[in-house]
Amino acid sequence: MPMKRSSNRTRATILAVIVLDAAGTGLVLPVLPRLLESVSGMRDLGWRYGAFLSLYAALQFLASPMLGALSDRCGRRPVLLASLAGGVIDYGFMAWAPGFWWLFVGRAISGLTAANAAVAAACLTDITPEDRRARGFGLLSAGYGVGFVLGPAIGGICGAWSIRAPFVAAGLLLLANFLMALVALPETRIVAPAGAREGEGADAASIEPLSFHPLAPLRAIGAYGALLPLLSLFVIVTIVGEIGGTVWVFFGEDRFGWDTTTVGISLAAFGLFHAVAQAFLAGPVSERWGEHAMLAAAIVCDGLAYAILAFTSSGFVAFSLYPLFCVGGMAHAALQSMISRGAGDEDQGRLQGVLASLTSVASIVTPLAVSEIYFASRETFPGLVWLIGVGLYVGGVPILVGDWRRERAGAPSGGRRPAQSFGSGGLHPARQPGEDGVQEPGAEEDGERDAGDDPLPVGGQRRPPDR
């Protein structure tokens with residue numbers, strides 16, 4: 001029972017970190033384009049706006065594999081604290097920067113330390129059994145939603161008073177987040193003693209040199225070929241999400257005539273619907289109808305909302321689409337749960353780093369491309385970018401249908417091969433729990449342990465994860 005309470009407190013702390021982090025991010029969203037326009041002296045930012053967004057993603061792509069490996073080997077807590085500290089520095093630069101390129105310096109520091117979401121997801125996986133991870137990832141997304149309810153609303157009000165005020169507020173909020181994690185968040189990754197696991201020597205806690213190469217984890221996951229379709233679909237869903245994140249403020253101001261306060265309210269309303277969908281729909285839908293049905297519903301709803309938004313000129317219609325958008329937001333929770341089953345428990349932190357790297361790749365290319373397309377079509381048909389998102393979803397449907405058919409035919413969802421597990425050294429033969437008398441990890445020691453709340457040892461843990 002004490003361990004249950006400790007696990008619940010840890011879970012609550014992780015969610016609180018996510019809420020505060022999202023609130024800090026949301027605070028600056030309504031005014032970020034205005035700040036860049038003000039500092040640069042240009043209304044048509046074009047590629048510069050995309051470059052500002054892409055710089056963060058590019059450096060996150062370089063750093064994420066290393067941070068993911070460090071979180072597996074050295075623990076989640078120190079990596080998360082370093083990431084939060086980098087965010088504080090970034091907001092300090094944006095609150096103070098006298099010139100356009102100083103903003104890029106702060107953004108670069110933030111990108112190099114950006115591991116909040118990946119490490120929080122690994123923390124949550126450490127303390128959540130496999131069959132409850134979809135619900136857990138849904139709560140994680142709900143935490144982002146709550147943060148995006150508070151952040152943009154406050155940021156819109158602060159932005160109407162001063163263009164720099166939201167950045168000061170965001171920096172203070174992230175500093176409070178850092179202090180809370182420092183005091184209240186325990187280490188969720190239990191590192192096994194040297195030589196405790198088969199094939200490990202005295203250097204068990206060392207980090208392989210390839211862990212520092214940004215392409216190394218992607219190459220390793222690529223060797224686990226059955227995961228590639230779901231990883232491809234993950235990239236598609238991420239790219240579609242980046243479209244809205246890149247142009248929403250500009251689109252609202254251009255198409256609907258929104259001011260900073262209205263933009264903040266629109267983002268806050270989106271966060272509210274998103275939080276409700278993730279908290280009350282993601283887990284029950286996944287457990288009742290399965291992750292494939294949940295993912296299909298998300299793609300259909302999000303695609304329909306994008307198609308309508310491309311042609312409407314009514315701000316009221318845009319607000320009315322929020323329920324569809326937020327059902328669409330369940331796609332990532334479903335995909336993360338499906339993909340996490342395709343890797344061994346020992347590599348969940350590294351897998352979250354891989355997913356963060358994939359997200360970064362999409363986030364490098366998409367803002368550059370979308371900002372160029374949007375500013376080029378701004379005066380004629382600004383809705384073009386939304387139709388591109390619909391087309392990408394259509395291209396992802398065959399991947400979802402194919403994986404669904406494999407599951408119905410009896411193959412493991414996500415393509416996990418029963419005769420293999422994915423470890424830090426690559427693929428190797430492994431007997432699976434439940435086969436030929438092999439017990440679930442920890443079952444021989446814990447008997448009737450409550451798998452829903454107890455963290456397990458590293459040898460078989462269920463597991464403890466942009467900005």
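Reader: Is Val168 buried, partly exposed or exposed?
Author: Val168 is found in helix H8, residues 165–184, of this predicted model. Buried needs under 20% relative accessible area and exposed needs over 50%. Val168 has 42% relative accessibility, so Val168 counts as partly exposed.

Reader: How much accessible area does the nonpolar surface patch with Val168 have?
Author: The patch is made of Val168, Leu172, Leu175, Leu179, Leu182 and Val183. Together these residues have an accessible area of about 550 Å².

Reader: How far can the model be trusted, and what is the mean pLDDT of the chain?
Author: Of the residues in the protein chain, 75% reach a pLDDT of 70 or more. Over residues 194–205 the pLDDT is below 50, and this stretch has 11 contacts beyond near neighbours in sequence. Where pLDDT is low, the predicted coordinates should not be read in detail. The mean pLDDT of the chain is 75.

Reader: How many contacts beyond four places in sequence does the model have for residues 415–467?
Author: The pLDDT stays under 50 over residues 415–467. Beyond four places in sequence, the number of contacts in the model is 165.

Reader: What share of the residues is buried?
Author: The secondary structure comes to 18 helices and two strands. The protein chain exposes about 18500 Å², with 66% of it supplied by carbon and sulfur atoms. Of the 467 residues, the buried share is 54%.

Reader: Which backbone oxygen does the side chain of Ser54 reach?
Author: Ser54 is found in helix H3, residues 47–74. At 5% relative accessibility, Ser54 is buried. Beyond four places in sequence, Ser54 touches Ser363, Ile364, Pro367 and Leu368. At 2.6 Å, the side chain of Ser54 reaches the backbone oxygen of Ile364.

Reader: How far apart in space are Ser54 and Gly111?
Author: In sequence, Ser54 and Gly111 are 57 residues apart. From C-alpha to C-alpha, the distance is 9.6 Å.

Reader: Which side chain does His292 join in a polar contact?
Author: His292 is found in helix H12, residues 291–311. At 2% relative accessibility, His292 counts as buried. At 2.6 Å, its side chain joins that of Asp403.

Reader: How many salt bridges does the whole structure have?
Author: Side chains of opposite charge can pair when their charged atoms come close. A search of the whole structure finds salt bridges, and their number is three.

Reader: Which parts does the salt bridge of Asp126 and Arg76 tie together?
Author: The side chains of Asp126 and Arg76 meet at 2.8 Å, N to O. Asp126 is buried, with a relative accessible area of 1%. Arg76 is buried, also with a relative accessible area of 1%. The two lie 50 residues apart in sequence, so the pair ties together helix H6 and helix H4.

Reader: How far apart are the closest N and O atoms of Arg107 and Asp90?
Author: Arg107 is buried, and so is Asp90. Arg107 forms a salt bridge with Asp90, with the closest N and O atoms 3.4 Å apart.

Reader: How many residues apart in sequence are the parts that Arg378 and Asp254 tie together?
Author: The side chains of Arg378 and Asp254 meet in a salt bridge of 2.6 Å, N to O. Arg378 lies in the loop between helix H16 and helix H17, and Asp254 in helix H10, so the pair ties together parts whose separation in sequence is 124 residues.

Conventions: Residues numbered from 1 in each chain as written. Predicted model: local features only at pLDDT ≥ 70, side-chain atom pairs only at ≥ 80, totals over all residues. Heavy atoms only, no water. pLDDT = per-residue confidence, 0-100. Contact = heavy atoms within 4.5 Å. Helix = DSSP H or I, 4+ residues; strand = E, 2+ residues; numbered from the N terminus. Buried < 20%, exposed > 50% of the residue type's maximum accessible area, 1.4 Å probe, protein only. Polar contact = N/O pair within 3.5 Å; in protein donor to acceptor, adjacent residues only side chain to side chain. Patch = residues over 30% accessible without salt bridge, like charges linked within 9 Å, V, L, I, M, F, W, Y side chains within 5 Å. Areas by Shrake-Rupley, 256 points an atom, 1.4 Å probe, with all protein chains shown as cover. Salt bridge = Lys/Arg side-chain N within 4 Å of Asp/Glu carboxyl O.
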